[in-house]
Amino acid sequence: MAGLADSGSNPDVDLLYDINGLAKDAPHWFDRVMEFVGEWGLLLVMVLLVLWCWWNVRRRGGDEAASSVAALIWAPLAAGVAVLVNVPIRGFVERPRPFVDHEGLDVLIGGKSDYSFVSDHSTLMMAMGVGLFVANRKFGLVGIGLALLGGFCRVYMGVHYPTDVVGGFALGTAVVLLLSPLATALLTPVVKAVERSRRVGWLVRADRSAEAREKVIPGARSDVDPAERDLAA
């Protein structure tokens with residue numbers, strides 16, 4: 001795989017220089033922004049997006065709350081599994097970082113001494129984005145968009161080839177979709193058990209506390225005897 005990058009006529013290398021070349025023409029402050037966004041910023045936004053989706057799901061409640069929360073839990077778990085799967089892949093392919101074999105790249109961040117294929121960042125973000133899509137399409141589309149932007153940033157920063165990013169996208173998506181039925185089957189009963197709990201049921205459905213108050217507080221109008229309502233009328 002590393003040999004594919006040796007020729008400057010390779011489309012992968014050409015696209016690398018085209019995207020990374022944008023960094024040379026950009027202001028210094030913009031490169032620093034892209035460095036932060038590509039390394040940590042988008043990952044943080046993705047985590048916040050998952051939390052926002054969870055808050056939205058539990059607030060709406062409903063009969064599908066448990067299955068939705070289970071699918072949402074699978075998103076970060078799938079990202080972790082995908083990164084673990086990537087460990088032997090990187091060791092087998094042993095593709096050097098692009099700046100090792102190619103001169104003239106504007107590398108925005110140092111300290112990248114490990115192998116390049118597959119991109120961990122792209123794997124993580126796409127796994128979480130697709131996992132979000134399984135749980136909630138609207139949030140998932142935003143998550144996938146963030147993952148695509150993150151992949152672009154990795155090439156812009158000069159630390160990955162475009163095919164590293166595409167490979168990460170494919171790996172993250174495959175792990176989520178292939179293992180989703182098994183993960184949902186295992187997680188849903190656990191989430192339903194949490195939902196039935198009086199102490200932590202609010203993690204799944206926000207209306208659990210309201211239901212509990214209705215059971216504890218007597219005197220609601222619905223408890224009034226129908227004959228009394230007739231007399232009052």
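This is a predicted model: local features need pLDDT of at least 70, side-chain atom pairs count only at pLDDT 80 or more; totals for chains, interfaces and linings use all residues.
Of the 233 residues in the protein chain, 43% count as buried. When contacts between residues at least 6 apart in sequence are considered, 79% of them join residues at least 24 apart.

Helix H7, which spans residues 162–196, takes part in two of the helix pairings described here, one with H5 and one with H3. In the pairing with helix H5 (residues 120–135), the two helices pack at an angle of about 40°, and their axes lie 7 Å apart. Because angles under 35 degrees count as roughly parallel and those from 65 to 115 as roughly perpendicular, this arrangement makes H5 oblique to H7. The crossing in which H5 passes H7 is right-handed. On the H5 side, the contact is formed by Ser122, Thr123, Met126, Ala127, Val130, Gly131 and Val134, while H7 contributes Val165, Gly168, Phe169, Leu171, Gly172, Thr173, Val176, Leu177 and Ser180. Sorted by class, the contact of H5 with H7 contains 9 nonpolar and 7 polar residues, and no charged residues.

Helix H3 (residues 65–93) packs against H7 at an angle of about 140°, with the axes of the two helices 7 Å apart. Since only angles over 145 degrees count as roughly antiparallel, H3 is likewise described as oblique to H7. The crossing of H3 and H7 is right-handed, and the contact between these helices includes 18 nonpolar, 5 polar and 2 charged residues.

A further pairing involves helix H2 (residues 28–60) and helix H6 (residues 137–156), which pack at an angle of about 165° with their axes 10 Å apart. This angle makes H2 roughly antiparallel to H6. The crossing of H2 and H6 is left-handed, and by class their contact is made up of 17 nonpolar, 4 polar and 3 charged residues.

Thr123, which lies in helix H5, is buried, with a relative accessible area of 0%. Apart from residues up to four places away in sequence, Thr123 touches Ala82, Val83, Val118, Gly168, Leu171 and Gly172; among these partners, Gly168, Leu171 and Gly172 are also listed on the H7 side of the contact between H5 and H7. His121, also placed in helix H5, is buried as well, since its relative accessible area of 15% falls under the 20% cut-off. Leaving aside neighbours within four places in sequence, His121 is in contact with Gly38, Glu39, Leu43 and Arg154. The C-alpha atoms of His121 and Ala147 are 8.6 Å apart in space, although the two residues are separated by 26 residues in sequence. Val142, by comparison, is situated in helix H6 and counts as partly exposed, with a relative accessibility of 44%. Between Val142 and Gly129, which are 13 residues apart in sequence, the distance from C-alpha to C-alpha is 7.5 Å.

Two backbone features occur in loops of the model. Most residues other than glycine have a negative phi, and most peptide bonds are trans. Against this background, Phe117 and Val118 are joined by a cis peptide bond, for which omega is about 10°. Val118 belongs to the loop between helix H4 (98–101) and H5, and Val118 is also one of the residues touched by Thr123. Glu94, which is not a glycine, has a positive phi of about 55°. The position of Glu94 is in the loop between H3 and H4, where the residue is partly exposed, with a relative accessible area of 42%.

Finally, cysteine residues were examined. A disulfide is a covalent bond between the sulfur atoms of two cysteines. A search of the whole structure finds 0 disulfides. Cys53 is buried, with a relative accessible area of 0%, and Cys153 is also buried, again with a relative accessible area of 0%.

Notes: Residues are numbered from 1 along each chain as its sequence is written. Side-chain values use heavy atoms; hydrogens and water are left out. A disulfide is a pair of cysteine sulfur atoms within 2.5 Å. Buried means under 20% relative accessible area, exposed over 50%, partly exposed in between (1.4 Å probe, protein chains only). Axes are lines fitted to C-alpha atoms, for helices over the stretch in contact, and angles run from 0 to 180 degrees between N-to-C directions. Helices (H or I, at least four residues) and strands (E, at least two) are DSSP runs, numbered from the N terminus. A crossing is left-handed if the near helix is turned anticlockwise from the far one by less than a right angle, and right-handed if clockwise. Contact means heavy atoms within 4.5 Å. Ala, Val, Leu, Ile, Met, Phe, Trp, Tyr, Cys and Pro count as nonpolar, Asp, Glu, Lys and Arg as charged, and the others, Gly among them, as polar.
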